[in-house]
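This briefing is intended for reading alongside the sequence and the coordinates. It takes up confidence, the ligand site and several individual residues in turn.

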Amino acid sequence: MSGALNDEELRFRDEVRDFLAHALTPELRLAGRRCSGIFTEYHDGNRWHRILAQRGWSVPHWPVEHGGTGWTPVQHHIFASELAAADAPPRAPMGPGMVAPVIIAFGTPEQQQRWLPAIRSGEDYWCQGYSEPGAGSDLASLQCRAVREGDDYVINGTKIWTTHAQYANRMFCLVRTATGGKPQAGISFLCFDMDAPGITVRPIISISGDHELNQVFFDNVRVPVSGRIGEENQGWTIAKYLLQHERGGSYAPQLRARLRRQRRAFAQANLRGAEAGDLALQLAELECAVDAMDAMDMAALRAQVRGEPRGIRPSMGKTLGTELRQRLDELAVEIAAQYAAVGLPLDDRLDGPLPLPEDAVYAMSAYLNDRAASIYAGTNEVQRNLIAAHLLAN
Ligand SMILES: Cc1cc2nc3c(=O)[nH]c(=O)nc-3n(C[C@H](O)[C@H](O)[C@H](O)COP(=O)(O)OP(=O)(O)OC[C@H]3O[C@@H](n4cnc5c(N)ncnc54)[C@H](O)[C@@H]3O)c2cc1C
């Protein structure tokens, strides 16, 4: 991309590079490279968020009055690309990228003051209480009840697949506050503290052996009404607004960083013959696909900075970005197979020099984790429905 940058943008890129050179410790870079899930393990991700916050760069997309940077789309793109290229640990979006835009758009000034500064600094860590055992794609059928009693709501029910609930001190949650009529019309958007009595968090271990997911149970949990964003029973519009932010964002920088590491693993294997040709072709095809994704990311960023509605872009980006990620994983496993890596212990003991390229060791874990990429944030089948409905209507 550097060929397309003007002098000012090149200066900005160098400023970001200089900052990363001293702020990103070897441990944080290691955590970034070995992150095989959606985002880094809590402690590394939060540590990195706090370092960025000190530089004023933890929430660049926010409006300037709330601590955003006011960067141009190209600057946002440079920043994301440089972070990925330097192996910065990917940060959890639930606070800065999901609930914060909701608080900014729909929260009262008091709510903005209460929650935004602690998200920006990294003091608060949020989790998302949307899905339930019987309500995933059909989210509007959710049953977790909140009944008003004076200045409190009393919550009973359960949420599932709650990523990092074991670390979060706050949750944003969709609750049923009315029954009868359209299911969407009886939902409210509540924010509350995770240490409220009656909340139990139980781990769900994923196929890769990681603990990122949980089921959360609510047993007569009292939370203040002042934590409700928007009016009672009007939470559905807010819920959909948040999902647009969850699905949005730039995909290409991370994909390019992964591709670069796989190129290295491929080169180190020093293969010959038809198999080498096939893998090289796949790498080249993926590079073209990442370039196309890059162009889409830029178009989305430009539209976002112009304040245009996000429209169907988040669904398109989510579908293409996650499926590209899965293709990269499949190729990484094929390359790893060349090293006969199967059977190596994928644990913390691998903290010294590795006998193999790092990506080959972590390829299987990334492959297994990323099976979830086409499920979370709304499955890709559902995104395709949304895209088709949009195309047919326009
Ligand atoms: C790793 C991971 C992290 C997650 N983190 C969170 C979190 O932090 N908080 C949270 O609230 N949720 C979270 N989720 C839940 C996620 O949002 C749901 O898994 C997702 O919305 C799908 O719901 P479901 O699992 O109930 O599947 P279902 O909705 O039961 O779908 C099952 C299958 O049917 C298909 N299907 C369903 N409806 C349609 C349709 N109308 N047209 C075509 N196909 C359809 C789906 O595509 C899918 O293949 C997470 C999920 C994963 C995997």
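A residue is called exposed when its relative accessible area is over 50%, buried when that area is under 20%, and partly exposed in between. Glutamine 143, with a relative accessible area of 52%, is therefore exposed. The model discussed here is predicted. Its chain has an average pLDDT of 92, and 16 residues surround the ligand.

**Confidence in the model**

- A pLDDT of at least 70 is reached by 95% of the residues.
- Residues 341-350 have a pLDDT that stays under 50. For this segment the model has 12 contacts beyond four places in sequence.
- Where pLDDT is low, predicted coordinates should not be read in detail.

**Ligand site**

- Of the residues that surround the ligand, the closest are Ser131, Ser137, Trp161, Thr379 and Glu381.
- By class, the shell around the ligand consists of 7 nonpolar, 8 polar and 1 charged residues.
- Tryptophan 161 places a backbone N or O atom 2.8 Å from a nitrogen atom of the ligand.
- Threonine 163 has a polar side-chain atom at 2.7 Å from a nitrogen atom of the ligand.
- In the side chain of glutamate 381, an N or O atom lies 2.6 Å from an oxygen atom of the ligand.
- The ligand taken alone exposes 970 Å², of which the protein buries 64%.

- Glutamine 143 belongs to the loop between strand 1 (126-129) and strand 2 (145-149).
- The side chain of glutamine 143 reaches the backbone oxygen of serine 141 at a distance of 3.0 Å.
- When residues up to four places away in sequence are not counted, glutamine 143 touches Glu132 and Arg176.
- Glutamine 143 and tyrosine 130 are 13 residues apart along the chain, and 11 Å separates their C-alpha atoms.

**Buried helix residues**

- Histidine 77 is part of helix 4, which covers residues 73-85.
- Because its relative accessible area is 2%, histidine 77 is buried.
- The side chains of histidine 77 and aspartate 294 are joined by a polar contact of 2.6 Å.
- Alanine 363 is part of helix 11, which covers residues 358-369.
- Because its relative accessibility is 4%, alanine 363 counts as buried.
- Alanine 363 touches Ala332, Val333 and Ala336, with residues up to four places away in sequence not counted.
- The C-alpha atoms of alanine 363 and alanine 178 are separated by 46 Å, and these two residues are 185 residues apart along the chain.

**Loop residues with positive phi**

- Histidine 164 is not a glycine, yet has a positive phi of about 55°.
- The position of histidine 164 is in the loop between strand 3 (152-160) and strand 4 (170-176).
- Histidine 164 counts as buried because its relative accessibility is 2%.
- Asparagine 270, a residue other than glycine, has a positive phi near 55°.
- The loop that holds asparagine 270 lies between helix 8 (252-269) and helix 9 (273-305).

How values were computed: Residues are numbered from 1 along each chain as its sequence is written. This is a predicted model: local features need pLDDT of at least 70, side-chain atom pairs count only at pLDDT 80 or more; totals for chains, interfaces and linings use all residues. Side-chain values use heavy atoms; hydrogens and water are left out. A residue is near a molecule or strand if one of its heavy atoms lies within 4 Å of it. A polar contact is a pair of N or O atoms within 3.5 Å; within protein, one must be able to donate a hydrogen and the other to accept it, and residues adjacent in sequence count only if both atoms are side-chain atoms. Accessible areas come from the Shrake-Rupley method with a 1.4 Å probe; for residues, only the protein chains shown count as cover. Ala, Val, Leu, Ile, Met, Phe, Trp, Tyr, Cys and Pro count as nonpolar, Asp, Glu, Lys and Arg as charged, and the others, Gly among them, as polar. Helices (H or I, at least four residues) and strands (E, at least two) are DSSP runs, numbered from the N terminus. Buried means under 20% relative accessible area, exposed over 50%, partly exposed in between (1.4 Å probe, protein chains only). pLDDT is the predictor's confidence in each residue, from 0 to 100. Contact means heavy atoms within 4.5 Å.
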